[in-house]
Amino acid sequence: MRPAGRGPALRFVESGITLDFAAARSAVRHDSADGHGNRVWPGVDFCVEDDAELLWVEVKNWQPSGLPARLRGAKRRAFVGALKSGSLVRGLRGKFLGTTAFLAWTGQADLRPVRYIALVEPLRPTDSPLLMAVNDRLRSPMAGPWRCGITVAIMGLAEWNARFSDYPGAASP
Amino acid sequence: MNRGHPNHERLSVRDFSAFREADLEFVPGINAFVGQNGTGKTHLMQMLYVWQYLFSREGDPDLKDLLQREFRPDHLDQLVNLSAERPATAVVQGCLGGSDWDIAIAANGSRNDVVPVMANSVPFDVRRPVFIPALDMIGHTQGFATLYDEYRVDFSQSHRDLVGLLMGPEKRSLEPAAAEALAILSGRLGGELALEGERFYIRNDLGSLPITLTAEGIRKAAVLSRLIATGWLSAGATLFWDEPETNLNPSMMDEMVAALLALSRGGVQIFIATHSYVMLKELDLQSRQTDTLRLFSFEGTANGTRVRMFDRLADLTPNAILDQYNSLYDRDLTRATGRKRTGATLR
């Protein structure tokens, strides 16, 4: 992890979504050489050191900029299908485990509470019942006698910006 | 779409029940009332039911008596909106099969002052309406009719009427749409629905089970099946169903909605009052372009219930059901992130 202290502008772009972690104690791309360097296992996109806890962020943009309009319906259906079938949940869970294992085996593990956030865009106002069901599925295998807390949530940019206003995000048009 | 049967076309209310002023235009297919408790959804359905019952001339009912038995107030002037400055008059105006009708209920110290006014001629082919209340009745048929007819009991007229309809004989043959709806529901009953004396049973290879021992969700399917089998839900009929989702497993919702849509395509005008997002979403997903579906949002305000009409679920606002899901989701995320939507951190 980067040394403690407010670093330079830490603005990252992933799948057309920009996140600004300048206000964090530190923030890295988990798989980059000047981050954690995880090229071994599937892992999360970003590891952020907040004041008292860690934020692990995985970004999923099922409608990246430049996607032709005629493909949007199919992409939306595929996204909803992935939510309902559990394949997205399995993928997210795998990335959490991959990140945990990589950090442990490379001596970089930091046993502070972790909030694992799946940032998904775009969402519809009517998606909340489905997202709650996904939240429940994400959490159940992650509950355990851990030394510190692990919490999980899936949300869109609107919720992210409302709750993490110190780390603003934006989607490319 | 005019299907040749008298349908409820519109309803206007002034100072009635939870309403100061509301105007509704109905479709011949499915009309869904959506809103919080206490916004007057059931009262509007009851008023439509009462008036259609009167129009059907079944048993030559008296309007005041029918209103008293259905709404069960201490005094009929309690149907006048409580916020309306006394003396006040509740006015309910409707149109059934092209015939306008009015009811005025005065709250001016003369209790039970009810004036029915019919402006046009009464259509002669108005069917007796069917009202399925939220409370299960198919498990309470034994002795109920006699009890209701001889004693003052705290059940609405529609409860008594439903029991009477359920006890009727089955038709020898059904119209195609009714047969289709019945077939959809039959698989869920787990057997054949049979009436012995005044009690219903589910009969299968394992024996004969009183319906009182079945799940309430099964009983809901049984009520609809019986009404179809006895011919009460055929072309030209009107069905009012209060909270069809009560005690119904969400897994049964798709069949229930499929049956309702089949009935509506066969010429049954349907009114439902619902709190269920699953039911609304099933209607949205299963309806075809040729179906007529209208959603009415009922919103409580300082000036009485406000009613708005929508032809698509996506446009429904306010959507009290989705609002509740959003509230749950908001609290879920607050707990998971340790941060409120305002950005404030939980301590």
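Student: What is the phi of Gly231(B), the residue that follows H6(B)?
Tutor: This is a predicted model. In it, H6(B) is followed by Gly231(B). The phi of Gly231(B) is positive, near 85°.

Student: What makes the span of H6(B) close to the expected one?
Tutor: Helix H6(B) covers residues 216–229, which is 14 residues. Its first and last C-alpha atoms lie 20 Å apart. The expected span at 1.5 Å a residue is 20 Å.

Student: Why is H6(B) called mostly covered?
Tutor: A residue is buried if its relative accessible area is under 20%. In H6(B), 13 of the 14 residues are buried. H6(B) is therefore mostly covered.

Student: Why is Val89(A) called buried?
Tutor: Its relative accessibility is 3%. The cut-off is under 20%. Val89(A) therefore counts as buried.

Student: Where is Val89(A), and which residues does it touch?
Tutor: Val89(A) sits in helix H2 of chain A, residues 87–105. Leaving aside residues up to four places away in sequence, Val89(A) touches Val134(A), Arg137(A) and Leu138(A). Ile154(A) is 65 residues from Val89(A) in sequence, with 9.8 Å between their C-alpha atoms.

Student: What makes the pair Arg341(B) and Glu159(A) a salt bridge?
Tutor: The closest N and O atoms of Arg341(B) and Glu159(A) are 2.9 Å apart. The limit is within 4 Å. The pair therefore qualifies as a salt bridge.

Student: How many salt bridges and polar pairs link chain B and chain A?
Tutor: There are five salt bridges between chain B and chain A. Residue pairs in polar contact number 14, both residues being at pLDDT 80 or more. Helix H9 of chain B, residues 320–337, gives the largest share of the side of chain B that touches chain A: twelve residues.

Student: What area do chain B and chain A bury between them?
Tutor: About 1,800 Å², with 52% of it on carbon and sulfur atoms. Tyr329(B), Arg339(B) and Arg341(B) supply 39% of the area that chain B buries against chain A. In contacts, 19 residues of chain B meet 24 residues of chain A.

Student: How do you know what confidence the predictor has in chain B and in the complex?
Tutor: For chain B, the mean pLDDT is 90, and 94% of its residues reach 70 or more. Among the elements of chain B, strand S11 (residues 238–242) has the highest mean pLDDT, 98. Strand S6 (residues 113–118) has the lowest, 59. For the complex, the predictor gives an ipTM of 0.81 and a pTM of 0.77.

Terms used. Residues are numbered from 1 along each chain as its sequence is written. Chains are lettered from A and ligands numbered from 1 in the order in which they are written. This is a predicted model: local features need pLDDT of at least 70, side-chain atom pairs count only at pLDDT 80 or more; totals for chains, interfaces and linings use all residues. Side-chain values use heavy atoms; hydrogens and water are left out. Helices (H or I, at least four residues) and strands (E, at least two) are DSSP runs, numbered from the N terminus. The expected span of a helix is 1.5 Å times one less than its number of residues. Buried means under 20% relative accessible area, exposed over 50%, partly exposed in between (1.4 Å probe, protein chains only). pLDDT is the predictor's confidence in each residue, from 0 to 100. Contact means heavy atoms within 4.5 Å. Buried area is the accessible area (1.4 Å probe) that two parts lose on being put together, summed over both. A salt bridge is a side-chain nitrogen of Lys or Arg within 4 Å of a carboxyl oxygen of Asp or Glu. A polar contact is a pair of N or O atoms within 3.5 Å; within protein, one must be able to donate a hydrogen and the other to accept it, and residues adjacent in sequence count only if both atoms are side-chain atoms.
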